[in-house]
Amino acid sequence: MSTLPVSLADVRDAAARLAGVAHRTPVLRSRQLDAIVGAEVHLKCENFQRIGAFKFRGAYNAVSRLSEAQLRKGIAAYSSGNHAQAVALAAREFGSTAVILVPEDTPQSKKDATAGYGAELVTYDRFTGDRVAIGNKLAADRGLALIPPYEHPHVIAGQGTAALELLEEVAELDTVLTPIGGGGLIAGSATAAKGISPGIRVVGVEPEAGDDTRRSLLAGERVQIPVPRTIADGQAAEIPGELTFSINRHLVDEVVLVSDDEIRAAMRFAFERLKIVLEPSGATPLAALMTGKLAGAQRVGAILSGGNIDPERFASLL
């Protein structure tokens, strides 16, 4: 692990920067869920994080390291929604400004929330446009500091603080489970988890239609797939990040897949039984648990990554 681009020390440093700024989110238990899964399950609820998702951790950690000159010029980012809100809020916290590139089909609630933090929104078509190329050009043209959603060591380290908190609160977990989109959350989580407990198992969850990381790990190299069409919009990645994959190929033990219907069932269970609202991407670890896709796990920590979904879409999905 000493040769990887992000270390446990980096995650701990991010945690120090986030102390008193990010929420230390609760870990929930459910006897009914334990009975369904056949294991002891601890749910790290990042839907209660600032901006409603784990993304604030990485964005704030990265923004906190910009120079005064960079902050005066402003910040750029591209995102399907949650990273957009996170960068917008982090920029505001440091007295800077943000310009965010978002897909045209980003849920309106996420667009409104991002604009509400003072960011300027620029849209593109996710099915025809290359957001990395568009985002890089936008940042270069305006002289902005670009903070990508996962291809950044400070972002990855910040995301890892969710798992760090989980492991500090719940001892002797045998498995840590997280969603996978671009791979930043699981890369940071695996760095923290295996740095603390080398024998722990790290498992990622992807939607069936968007299994780019699973395919890439099996192939031993990054594999690109068509733009996924799934209700889990936060996990609609075409290819793993180069930086995140360089970590995940060494630290992630397995990736399991869930269907859109299984995600819906998990969202319903979380609402009815746990009394929490999860967006589809945030519910994928719960879906994997409820459908028996973690064979052999006895004491599981699952990161529920976010809860940003408007009431109309939530109702329509259920």
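This is a predicted model: local features need pLDDT of at least 70, side-chain atom pairs count only at pLDDT 80 or more; totals for chains, interfaces and linings use all residues.
Contact here means heavy atoms within 4.5 Å. Leaving aside residues up to four places away in sequence, Gly-188 touches Val-11, Ile-156 and Gly-160. Gly-188 belongs to helix α9, which covers residues 184-196. With a relative accessibility of 0%, Gly-188 counts as buried, since buried means under 20% relative accessible area. The C-alpha atoms of Gly-188 and His-154 lie 9.6 Å apart in space, although 34 residues separate the two in sequence.

Attention turns next to the charged side chains. Side chains of opposite charge can pair when their charged atoms come close. With a salt bridge taken as a side-chain nitrogen of Lys or Arg within 4 Å of a carboxyl oxygen of Asp or Glu, the model contains 19 salt bridges. One of them joins Lys-44 to Glu-165, with 2.7 Å between the closest N and O atoms. This pair ties together distant parts of the chain, as Lys-44 sits in strand β2 (residues 40-45) and Glu-165 in helix α8 (residues 153-169), 121 residues apart. Lys-44 and Glu-165 are both buried.

Glu-165 has a further partner in Arg-57, and here the N to O distance is 3.0 Å. This second pair also links distant parts of the chain, with Arg-57 in helix α3 (residues 55-63) and Glu-165 in helix α8, 108 residues apart. The relative accessible area is 0% for Arg-57, which is therefore buried; Glu-165, at 10%, is buried as well.

Because Arg-268 and Glu-272 are four residues apart in helix α12, about one helical turn separates them. An α-helix has 3.6 residues a turn, so residues three or four places apart point the same way. Arg-268 is partly exposed, with a relative accessible area of 35%, and Glu-272 is partly exposed too, at 38%. Elsewhere, salt bridges with shared partners join Lys-44, Glu-46, Arg-57 and Glu-165 into one network.

Helix α12 (residues 260-274) also packs against helix α13 (residues 280-290), with the axes 8 Å apart and at an angle of about 90°. The two helices are therefore roughly perpendicular to each other. On the α12 side, the residues making the contact include Ile-263, Met-267, Phe-269 and Leu-274, and those on the α13 side include Pro-280, Leu-286 and Met-290. By class, the contact comprises 12 nonpolar residues, one polar and one charged.

Among the buried residues of α5 are Asn-82, His-83, Gln-85, Val-87 and Leu-89. The cover over the buried residues of α5 includes helix α3, strands β3 (75-78) and β4 (98-103), and helix α6 (108-116); α3 is also the helix that holds Arg-57. After α5 comes Gly-95, with a positive phi near 70°.

Conventions
Residues are numbered from 1 along each chain as its sequence is written. Side-chain values use heavy atoms; hydrogens and water are left out. Axes are lines fitted to C-alpha atoms, for helices over the stretch in contact, and angles run from 0 to 180 degrees between N-to-C directions. Angles under 35 degrees count as roughly parallel, over 145 as roughly antiparallel, 65 to 115 as roughly perpendicular and the rest as oblique. Ala, Val, Leu, Ile, Met, Phe, Trp, Tyr, Cys and Pro count as nonpolar, Asp, Glu, Lys and Arg as charged, and the others, Gly among them, as polar. Buried means under 20% relative accessible area, exposed over 50%, partly exposed in between (1.4 Å probe, protein chains only).
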